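Here is a short report for a student who is new to reading protein structures. Keep the sequence and the 3D view at hand as you go.

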Amino acid sequence: MLTLSGVRAGYGRLEVLRGVDLTVPEGCAVALLGANGAGKTTLLRVAAGLLGTTYGTVRLAGREADSARPHRRARRGLCLIPEGRGIFRPLTVRENIAMFCAGRDTAAGIETVTAAFPVLGERLSQRAGTLSGGQQQMLAVSRALLGDYQLILADELSVGLAPVIVDEILATIDVLRRQGRSLLIVEQYVDRVLEIADYVYILHKGQIAFVGEPAQCRQSGVFERYLGAVAG
Amino acid sequence: MKAYWPFVVVGLTAGSVYALAAMGLVVTYTTSGVFNFAHGATGMFATFVFYQWRDAMPTWLAFVLVVLVLAPLFGAFVDSVLLRRLAGAPPSVYVVASLGLLVALQGTALVVFDVRLRQAEPIFPQGTLRLAGVNVGYDQAWIVGIAAVAAVALALFFRRTHLGLQTRAVIADGELTELVGADSRRITTFSWMLGSSFAALSGILLAPSIGLDAVILTLLVVQAFGAASVGRLTNLPLTYGGALGIGILAALSTKFVTEYRGLAGVPSSLPFLVLFGVLVLSPKGTFREVVETSARTARRKERRTRPLSARAGVLLLAAAVALPSLLTGSQLVTATATVAFVLIFASLGLLVGLSRQVSLCHATFAVIGATTLAHLLSAGLPFPVALLAAGLVVAPVGALIAIPALRLSGLFLALATFGFGVAAQYLLFSTGLLFGEDQRAIIGRPGAFGISLRGDAAFYYFTLAVVVLGIVAVEVVRRTRLGRLLRALADSPDGVMSIGINPTASRVLVFALSAFLAAVAGGLLGALYQRFNTYTLDFFQSLVWLTVLVTAGAVSLGGSVLAAFLFVAVPSFFTRISGFGDYEPIFFGVAAVLLAQAPDGLVGLLHPPDFSALATRVAWRREESWHRDRREAVC
């Protein structure tokens with residue numbers, strides 16, 4: 001679904017990704033792990049087209065996508081939920097959903113969202129920026145439910161959220177996976193994401209340090225080496 | 001009470017036109033983050049085209065073509081061709097680019113159109129209707145009605161249409177708008193088209209009451225700045241209300257000031273007073289840029305800036321010393337003016353190049369310097385002492401301007417200095433405080449320490465000596481702690497404060513120094529020409545100077561020298577080629593738009609190509625392969 005080959009990218013003279021190869025097979029969930037500053041967010045931004053590559057190619061749904069701007073990639077089925085700011089804060093919840101639906105049937109969109117997150121249904125006329133942190137993240141995640149997205153890139157969805165909310169959000173991610181959509185997930189709760197993921201990539205200083213299945217990386221000790229002793 | 005109603009009607013009409021202009025300004029600013037200083041110039045240009053085309057076709061057709069076709073096309077051009085390249089640049093870059101556009105448009109209008117003030121034929125039926133005991137012209141009713149309808153339509157557009165929703169989404173978060181599959185560039189371009197249309201509409205409606213005059217039209221639409229500041233540059237209803245309020249206040253004040261000659265400038269400068277007042281008096285943090293410059297997306301061209309080498313400096317100085325023997329009469333006057341302008345540009349460069357603060361009132365500093373010099377000379381002070389004192393009088397004025405500089409950044413500081421410059425021109429210049437009763441300052445060149453400065457060569461050397469002193473002062477600032485501090489402040493004010501340094505003193509100091517030098521240079525210019533009136537250096541000069549300096553290079557001393565040469569010496573050399581001078585502002589305007597992002601300007605282009613980037617790249621690869629070889633060797 002998504003293939004990055006030999007991708008180099010960065011900001012000005014600072015090169016963050018230094019030759020990354022990564023594949024998200026169709027219908028699979030891939031976890032992208034790595035320490036702070038490893039380049040996870042940069043990788044997602046490159047995949048979505050928000051940041052250009054200096055070298056290497058990005059292929060989306062079998063076609064070359066390097067020259068496609070973010071909105072083109074979105075129309076080709078890519079949905080990036082950026083960390084911490086996946087919503088239009090000054091707009092109301094209803095207006096947010098209308099934006100997510102991109103001009104299609106907003107009423108049906110609202111139904112889909114409220115079915116997944118009933119609490120949002122009570123707050124349709126409220127400004128999204130005034131929702132609680134958890135509700136904001138629900139709204140952000142609900143974008144993946146709308147539209148015809150085949151590939152969902154999720155960046156740190158659980159940051160700063162209460163455990164109950166994290167459960168709810170990750171449950172939605174699981175639903176998306178079961179619907180056969182491809183996923184690339186960056187997540188701090190390593191254990192939780194390993195339950196969902198089919199494959200794991202570990203990014204270390206801008207390069208892929210490990211590729212494998214969740215079971216392999218539990219045994220091989222890569223966590224200790226690349227993520228510190230926290231995970232395990 | 002009844003006596004006031006006619007003024008309210010006049011004010012409401014003017015306010016409605018301001019509102020149209022201001023709403024267009026706000027729409028483009030909020031969606032693109034670019035505060036378009038050329039908004040008024042766009043309206044002016046469209047107005048000229050409209051009244052010219054009107055002679056050849058029905059009014060409605062000319063209206064449709066200009067407001068709905070030509071102006072939007074121009075807006076799209078500005079957005080997609082001129083400004084998109086600058087994405088992610090710091091605000092001062094956008095200020096310079098749009099000022100360049102203003103100067104270029106103004107210059108083009110002077111070349112293309114017959115800009116002698118002429119009456120614009122009314123577009124609405126003549127006659128009046130009586131409304132609640134007041135005579136209201138049909139045209140006034142039309143204008144108020146059109147502005148109200150446009151305001152409501154704009155509100156409905158943003159609330160009810162999907163494109164309006166998308167526009168608000170771009171304002172909120174441009175990247176996310178892209179991510180949900182909407183083309184944010186297309187939306188931004190649309191808002192520029194919309195803004196441009198509003199500018200054209202306001203200019204066309206305004207022209208019948210003030211006449212077709214390139215400068216006045218540009219300026220009067222620019223008065224919308226005041227209204228936009230009431231709406232915090234972002235809020236449309238507040239902007240509309242603010243515009244009407246300003247219009248009514250200005251009209252009412254005309255009734256009051258007729259009794260006081262000194263206050264004659266109040267009505268016309270009211271919008272700028274509002275602008276300056278709102279910016280300076282609002283609580284800190286009220287005015288924030290809608291688009292944050294993120295270090296990540298900023299594609300700053302980091303070229304090494306090389307100070308003018310000592311050798312080049314000595315050569316230049318030697319040439320300057322030898323010059324009088326080669327020149328005669330008027331040529332020597334031109335040479336003296338060029339030297340004086342080096343100091344003006346150096347003082348502006350201190351702000352623009354070093355601390356990245358845009359000042360749009362440097363001509364005002366120069367004028368106050370020149371007129372103060374005139375007063376002090378007539379009081380009997382020796383020339384050098386009077387010149388120094390004139391500079392010292394203006395320095396506190398610069399410090400006063402620094403107050404907004406402490407609280408405002410980038411765009412808003414530029415706006416505040418702009419407001420100050422215009423208000424000073426309308427209010428101070430007309431009072432006689434500066435220019436005296438006959439609106440003309442006579443500045444003699446008596447002499448100093450027994451040496452007469454009356455001769456052109458003597459005055460040339462005197463000017464050269466003063467300017468060299470001033471430049472040495474600038475270079476000292478550049479290379480010592482204050483200079484480093486200002487560079488650091490330009491880069492990250494928070495960073496500077498976090499290491500325990502209070503930025504107040506350095507910012508006040510640099511503004512005061514810059515104003516001091518500009519005033520001294522103004523005094524030199526005044527003494528050179530020996531007379532100065534209110535139009536010698538009007539505030540528009542401040543804008544032109546900025547574009548010239550940016551074109552030449554704001555960062556280095558070489559840029560200041562080149563700027564003075566381009567601005568003064570080259571045009572006077574070419575005066576014989578007819579019409580050359582007319583094209584000059586167009587050149588500087590366009591060049592400023594193109595070079596806005598390269599702080600080194602033309603001077604920077606003279607540098608040899610930068611091989612260091614390539615070198616580091618190669619070195620890095622070599623290092624990498626070296627590591628690989630080592631690894632393999634170890635294994």
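## Helices across a sheet in chain A

Start with helix 7 of chain A, residues 163-178. Helix 7 lies across strand 3, strand 7 and strand 8 of chain A. It runs at about 150° to strand 8 of chain A. Keep in mind that this is a predicted model.

Helix 1 of chain A, residues 40-48, also lies across strands. Its list is strand 3, strand 6, strand 7 (151-155), strand 8 and strand 9 (199-204) of chain A. Helix 1 of chain A runs at about 150° to strand 7 of chain A.

## The six-stranded sheet

In what order do the six strands of the open sheet in chain A stand? The order is 6-7-8-3-9-10, and the pairing is mixed. Strand 6 (78-81) and strand 10 (207-212) of chain A stand at the edges. Each has a single partner strand, so one side of each is left without a neighbour in the sheet. Neighbouring strands of this sheet are turned by 15° against each other on average, direction ignored.

Now look inside the sheet. Strand 3 (residues 29-34) and strand 8 (residues 182-186) of chain A pair in the parallel sense, over four bridges. A:Ala29 has A:Leu183 in strand 8 of chain A as its bridge partner. Strands of a sheet pair through backbone hydrogen bonds, either parallel or antiparallel.

## The four-stranded sheet

Chain A also has an open sheet of four strands, in the order 2-1-4-5. Here the pairing is antiparallel. The edge strands are strand 2 and strand 5 (63-64) of chain A, and each pairs on one side only.

Strand 1 (residues 2-11) and strand 2 (residues 14-24) of chain A pair in the antiparallel sense over eight bridges. A:Ala9 is the bridge partner of A:Leu17 in strand 2 of chain A. These two strands form a hairpin with two residues between them. A:Gly12 sits in the turn, with a positive phi of about 60°.

Strand 1 of chain A also pairs with strand 4 (residues 55-60) of chain A, in the antiparallel sense over five bridges. A:Leu4 has A:Val58 in strand 4 of chain A as its bridge partner. A:Thr3 stands opposite A:Arg59 in strand 4 of chain A. In a regular strand the side chains alternate between the two faces of the sheet.

## Chain A as a whole

Chain A holds ten helices and ten strands. Its radius of gyration is 17 Å, close to the 17 Å that the globule rule gives for 232 residues. So chain A is as compact as a globular protein of that length. Its C-alpha atoms fill a box of roughly 45 × 40 × 35 Å along the principal axes.

What share of the 232 residues in chain A is buried? It is 44%. Next, take the contacts in chain A between residues at least 6 apart in sequence. Of these, 65% join residues at least 24 apart.

## Where the chains touch

## Helices of chain B

Helix 5 of chain B covers residues 138-160. At 1.5 Å a residue, its 23 residues should span 33 Å. Its end C-alpha atoms are 32 Å apart, which agrees. Which residues of helix 5 of chain B are buried? They are B:Gln140, B:Ile143, B:Ala147, B:Ala150, B:Ala151 and B:Leu154. An α-helix has 3.6 residues a turn, so residues three or four places apart point the same way. What covers the buried residues of helix 5 of chain B includes helix 1 (5-32), strand 2 (134-137), helix 8 (184-210) and helix 11 (236-257) of chain B.

Helix 15 of chain B covers residues 362-378. Its 17 residues should span 24 Å at 1.5 Å a residue, and its end C-alpha atoms are 25 Å apart, which agrees. Helix 15 of chain B is mostly covered, with 15 of its 17 residues buried. B:Gly380 follows helix 15 of chain B and has a positive phi, near 100°.

How values were computed: Residues are numbered from 1 along each chain as its sequence is written. Chains are lettered from A and ligands numbered from 1 in the order in which they are written. This is a predicted model: local features need pLDDT of at least 70, side-chain atom pairs count only at pLDDT 80 or more; totals for chains, interfaces and linings use all residues. The expected span of a helix is 1.5 Å times one less than its number of residues. A residue is buried if 20 or more other C-beta atoms lie within 10 Å of its own, exposed if 12 or fewer, and partly exposed in between; C-beta atoms are placed from the backbone. Two strands pair if DSSP finds at least two bridges between them. Two residues are in contact if their C-beta atoms, placed from the backbone, lie within 7 Å. Axes are lines fitted to C-alpha atoms, for helices over the stretch in contact, and angles run from 0 to 180 degrees between N-to-C directions. The radius of gyration is taken over C-alpha atoms; the globule rule is 2.2 Å times the number of residues to the power 0.38.
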